[in-house]
Amino acid sequence: MVKIYYLYFMITLSVFSITATSFQAFAVEEIWEDYESMGEMVKDIRNGDKDDDKVDYNKFKDSVVYKNAKEDVRNCIDLANKVGEKLGDYEIVRCFENTNYFEEKYVDDEAGQNTEEVNRQDSDNQNMTRSNDVPDADRQEQEQEQQQQQEQEQQQQQEQEQQQDRPTSGTFDTSASDDVTENNLINELVKTGKFTEDEAKEFVSQNMLSRANITSASDDVSANETQATRTDEQQQEQEQQQEQEQQQEQEQQQEQEQQQEQEQQQEQEQQQEQVDQNQTRPQIMANASQTESSESDSNSTEGCDSSYPEICITTYSSKLICADIPFRNFKVILPDTHGFDSDADGIGCEE
């Protein structure tokens, strides 16, 4: 009876493990199948919405997320899969944040090992020199001075090389450091057992070439951007100068137009004054002549006989005939005091 229960328990346990395994496989597939952008998937991994420490690299490599990612991100993920025993979601996040994460990590580890070896050799050399001390103090001082001079010369040479090899953009990247980095990466890949030396060299050279292309491309982009900004600034300055010149020309034209209008107004005023003067002069003269004629008429008609309006025959004159006066053919109005109109036709002293 106990055996039957044990057998039933084992069958149930195996079915549960198979179900759990299938769920895990489904979860592994879902970690990238719901996305097309690497950034969105990394965001959900950071938030804890997606979690898988054993990503199937072969399936992930055929996914849309992997194919849509940048080349340097893909190279970093490939390196993480080959170097490590497994590919975890945290490694994908690190490659997305820093595509050179694993290269820098192995270079730093190798540099630390090298520094430890150098320190160990220095300590061994010091122990050897202590065991082989020479009682001659002068000789020791000379050797110390020579060593100090050699160290100073080496430091100066290194500084000069660094200054010569330092690029103008301010980044510290020499050919020697690139060679050291490549060698360290090759050694680390070979140590994993997944690469031969030739495969490691080819893989590292491809990665370094892609990095160099990216750097040169970024430098070209920055140079083009600076040139574009300079040309934009120059165009803006030229446009501002043109606008100022146009404004000055417009102001000058306006001033000239105002001056011409003022001159025209002055000319019109002068012409109007002349016209007014020409019009007023005959009126004044007419008025003056009228006043003179009226005065003369008033002066002439006083004491003259009204029967003869065109000539003046005084009222106190004695009886006259035509032979007594010098006037002929003048108007006569009754009562014709002197009888100059003998035929009564209104004209006196007719010839």
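In which helix is aspartate 44 found? Aspartate 44 lies in helix α2, residues 38-47.

1. Basis of the note. This is a predicted model, in which local features need pLDDT of at least 70, side-chain atom pairs count only at pLDDT 80 or more, and totals for chains, interfaces and linings use all residues. Residues are numbered from 1 along each chain as its sequence is written, and side-chain values use heavy atoms, with hydrogens and water left out.

2. Overall architecture. The protein has ten helices and two strands, where helices (H or I, at least four residues) and strands (E, at least two) are DSSP runs numbered from the N terminus. Their order from the N terminus is α-α-α-α-α-α-α-α-α-α-β-β.

3. Burial. Of 351 residues, 21% are buried, that is, under 20% relative accessible area with a 1.4 Å probe, protein chains only.

4. Aspartate 44. This residue is buried but forms no salt bridge, defined as a side-chain nitrogen of Lys or Arg within 4 Å of a carboxyl oxygen of Asp or Glu. The nearest side chain of opposite charge is lysine 50, 6.5 Å away; Lys and Arg count as positive and Asp and Glu as negative, while His and the chain ends are not counted. Leaving aside residues up to four places away in sequence, aspartate 44 touches Tyr35, Asp49 and Lys50, contact meaning heavy atoms within 4.5 Å.

5. Helix pair α5 and α6. Helix α5 (residues 71-83) packs against helix α6 (residues 89-97) at about 145 degrees, with axes 9 Å apart; axes are lines fitted to C-alpha atoms over the stretch in contact, and angles run from 0 to 180 degrees between N-to-C directions. Val73, Cys76, Ile77 and Ala80 of α5 meet Glu91, Ile92, Cys95 and Phe96 of α6.

Methods:
Buried means under 20% relative accessible area, exposed over 50%, partly exposed in between (1.4 Å probe, protein chains only).
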